[in-house]
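Biologist: I'm new to this one. Could you walk me through it slowly, feature by feature?

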Amino acid sequence: MTKWTPTHEAPEPLEGPVVATITGGTILWFVLFLAQLPFYGWYADHGHTWWIWTCLAGGGLGLIGVWYVRRRDAALKRAAGVRPGPAE
């Protein structure tokens, strides 16, 4: 089997409001978690408590994502401000 190699260049990555997008998603996960808590008994009776814990896990992972994209955004801004010196 021969390896497939693309014949075109990869497109540039899309940049947008990444921090706002991840923050919004994280807030949504936590809101869903809190909205389902009053119905914990119903979820437990029907074997669906994993829905609640999935929302909590999504919110927790979202916090890690917010931390990551904020650091990435700061690093990109720092790199854009650095001017290369004369070639040696």
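Modeller: Let's begin with W51, which counts as partly exposed at 33% relative accessibility. Here buried means under 20% relative accessible area, exposed means over 50%, and partly exposed is in between, with a 1.4 Å probe and protein chains only. Keep in mind that this is a predicted model: local features need pLDDT of at least 70, side-chain atom pairs count only at pLDDT 80 or more, and totals for chains, interfaces and linings use all residues. Residues are numbered from 1 along each chain as its sequence is written, and side-chain values use heavy atoms, with hydrogens and water left out.

Biologist: Which ring pairs with W51, and how are the planes set?

Modeller: Rings of Phe, Tyr and Trp (its six-membered ring) pair if their centres lie within 6.5 Å; planes under 30 degrees apart are stacked, over 60 edge-to-face, and the rest tilted. A search of the whole structure gives 5 aromatic pairs. One of them joins Y40 and W53, edge-to-face, at 6.2 Å centre to centre with 70 degrees between the planes. That pair links distant parts of the chain, with Y40 in helix α2 and W53 in helix α3, 13 residues apart. Helices here are DSSP runs (H or I, at least four residues), numbered from the N terminus. Y40 is partly exposed at 35% relative accessible area, and W53 is partly exposed at 41%. As for W51, its partner is Y43: the ring centres are 5.5 Å apart and the planes at 65 degrees, so this pair is edge-to-face.

Biologist: Is Y43 buried or exposed?

Modeller: Y43 is buried, at 9% relative accessibility. Y43 also belongs to one aromatic cluster with W42, W50 and W51.

Biologist: What forms the nonpolar patch on the surface?

Modeller: A patch is built from residues with over 30% relative accessible area and no salt bridge; nonpolar side chains (Val, Leu, Ile, Met, Phe, Trp, Tyr) are joined within 5 Å, like charges within 9 Å. In this model F39, W42, W50 and W51 make up the nonpolar patch, with about 480 Å² of accessible area together. Those areas come from the Shrake-Rupley method with a 1.4 Å probe, and for residues only the protein chains shown count as cover. W42 sits in helix α2 and is partly exposed, at 44% relative accessible area.

Biologist: How many residues does α3 have, and how far does the helix reach?

Modeller: The expected span of a helix is 1.5 Å times one less than its number of residues. α3 has 33 residues and reaches 49 Å from its first C-alpha to its last, close to the 48 Å expected. Its buried residues include I52, C55, G58 and G59. The buried residues of α3 pack against α1 and α2, where contact means heavy atoms within 4.5 Å.

Biologist: How many salt bridges are there?

Modeller: A salt bridge needs a side-chain nitrogen of Lys or Arg within 4 Å of a carboxyl oxygen of Asp or Glu. The whole structure has 2 of them. In one, R72 meets E15, the closest N and O atoms being 3.0 Å apart. This pair links distant parts of the chain, from R72 in helix α3 to E15 in the segment before α1, 57 residues apart. R72 is partly exposed at 33%, whereas E15 is exposed at 51%. D73 and K77 also form a salt bridge, at 3.4 Å from N to O. They are 4 residues apart in helix α3, so about one helical turn separates D73 and K77.

Notes. Helices (H or I, at least four residues) and strands (E, at least two) are DSSP runs, numbered from the N terminus.
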